[in-house]
Amino acid sequence: MAEARAQHSNLNLDHALAEAESRFIDGNAASLAAFTHACEGMPGGTTRNVLYYPPFPLNIVRGEGARVWDADGHAYTDWLGDMSAGLFGHSNPEIRAAAEEALAAGLTLGGPNRYEAALAEAVCSRFPAIELVRFTNSGSEGSYMAIATARAVTGRPKVMVMESAYHGGHFTFGRPAAPGGDGGSPLNVPFEFVLGQLNDWPATEAVLAAHGDSLAAVVVEPVMGAGGCLPADPDFLQALRDWTTAHGSLLVFDEVMTSRLAPGGMQGKLGIHPDLTVLGKWIGGGFSFGGFGGRADIMARFDPRRPDALSASGTFNNNVMTMAAGLAGLTRVYTPDRAIEVNARGDRLRDALNAEAAAAEVPFRFTGAGSLIGIHPVAGEVRSPRDTYGRSDQALALYHLAMLEAGHYLARRGYMALNIELTDEDCAALTAATRAFLDRFAPALREAVGS
Ligand SMILES: Cc1ncc(COP(=O)(O)O)c(C=O)c1O
């Protein structure tokens, strides 16, 4: 009987999804043509796997304020915020002016330029655990440098990451296929990884104890981003801080996404200071950016005046567009007050969306912190990646297509990163669209997801 009911609900969801996809295809001929063309030069028509979703992704041609437009001329409220790099929206005048000034003075100057020291100073004064910083071109490079530095300075080989963590293209972990596996991508840097369990200190402590003296670093996001927008409990982070201090491992916070969640990132908000921090995304003002920084005694190893200096070079590490736009963004646009305002809006939106799901009695959970929101069609509480493994991807796909139809642009995987241009009215519109979706599909969603 239960099996028959599940089959029936899948049919309902299958049917609704097939109809939504067919409307999507009919309504987006120019995006389809762009995708078909893109497939001629790039596998799957994309150079960022994360932006692909079936039947094909919308081709985005323009952005302004909090809106983006696709190739077929549809306007969307942008809730994706380019996976959190697009914090500033699309036409911030301060950032534009800074980029134009940098452009006018010439690119690829081949020397220290007038922006990078100021950006470094701004980063160090904003994030309390960063005493010295180095820039890279991406968060992936930043996390590589932080982890490789930890291995170099401790002389130890192993690295703990949380199950299902994402620290960049070459530090990608998913649900382990078999016990003992790390769920890592075959493309990962071949370091020896061991897995912790977010918010499960006894399980994590047991792994730490087993690998004790050979662990160079414990790497954790204070709020897991790609892993589902799952906040780490302060107690869990403090336990990691205490353990690493006691055992000579370095604690690395990956704040590529979470640095936006409070004026001084999550390290500032919680008062828990890692040894090293990884940065990325929005801090480049919308241009390619990454960085790593932390304790002065560790970072000083990169000082080229030292005989034992570690070398970290990269042609574009100080590219003037990023340095100039990043400086304007960090010091003049995303001020501490602005950070508090945007994240409070995100908290109110998450609460409103969860209230809609509760009122409709549909098992949809909206997780996260501040301006980062994850969406999980699952029954029960969501505190760690394992709580999300049973989520209904079909329900999520249907939600995604329904939101696109209603003019709201977000990630297929159930993710939103608010930008500073979004208003309370935009939040009310998304909440209303979500309510309409939940009401319309409630029975099928309840049956498919369980409750
Ligand atoms: C937590 C985290 N670390 C690292 C990265 C990698 O950054 P990038 O995409 O700039 O390489 C990301 C990107 O999504 C991220 O979310």
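1. In this predicted model, domain 1 and domain 2 bury about 2,300 Å² between them, and 58% of that area lies on carbon and sulfur atoms. The domain assignment gives domain 1 as 2–17 + 31–40 + 60–87 + 336–449, and domain 2 as 93–333. Taken over C-alpha atoms, the centres of domain 1 and domain 2 are separated by 28 Å. On the domain 1 side 29 residues take part in the contact, and they meet 26 residues of domain 2.

2. Helix α3, which covers residues 93–104, packs with helix α10, residues 320–333, at an angle of about 150°, and the axes of these helices are 8 Å apart. Since angles over 145 degrees count as roughly antiparallel, α3 and α10 are therefore roughly antiparallel to each other. The crossing in which α3 passes α10 is right-handed. From α3 the contact draws on Glu-94, Ile-95, Ala-98, Ala-99, Ala-102 and Leu-103, while α10 brings Val-320, Met-321, Ala-324, Ala-325, Ala-328, Gly-329, Arg-332 and Val-333. Sorted by class, the residues in this contact of α3 with α10 are eleven nonpolar, one polar and two charged.

3. Helix α10 also has a contact with helix α4, residues 116–126, where the two axes come within 9 Å and cross at roughly 35°. Here α4 passes α10 in a crossing that is left-handed. The residues of α4 that make the contact are Glu-116, Ala-118, Leu-119, Ala-122, Val-123 and Arg-126, and those of α10 are Met-323, Gly-326, Leu-327, Leu-330 and Thr-331. By class, the contact of α4 with α10 holds seven nonpolar, two polar and two charged residues.

4. The contact of α12 with α13 comprises eleven nonpolar residues and one polar residue, with no charged residues.

5. Two details of the backbone deserve a careful look. The peptide bond that leads from Pro-54 to Pro-55 is cis, and its omega is near 0°. Pro-55 is placed in the loop between α2 (29–38) and β1 (60–64).

Key
Residues are numbered from 1 along each chain as its sequence is written. This is a predicted model: local features need pLDDT of at least 70, side-chain atom pairs count only at pLDDT 80 or more; totals for chains, interfaces and linings use all residues. Side-chain values use heavy atoms; hydrogens and water are left out. Ala, Val, Leu, Ile, Met, Phe, Trp, Tyr, Cys and Pro count as nonpolar, Asp, Glu, Lys and Arg as charged, and the others, Gly among them, as polar. Domain bounds come from an automatic or database domain assignment. Contact means heavy atoms within 4.5 Å. Buried area is the accessible area (1.4 Å probe) that two parts lose on being put together, summed over both. Axes are lines fitted to C-alpha atoms, for helices over the stretch in contact, and angles run from 0 to 180 degrees between N-to-C directions. Helices (H or I, at least four residues) and strands (E, at least two) are DSSP runs, numbered from the N terminus. Angles under 35 degrees count as roughly parallel, over 145 as roughly antiparallel, 65 to 115 as roughly perpendicular and the rest as oblique. A crossing is left-handed if the near helix is turned anticlockwise from the far one by less than a right angle, and right-handed if clockwise.
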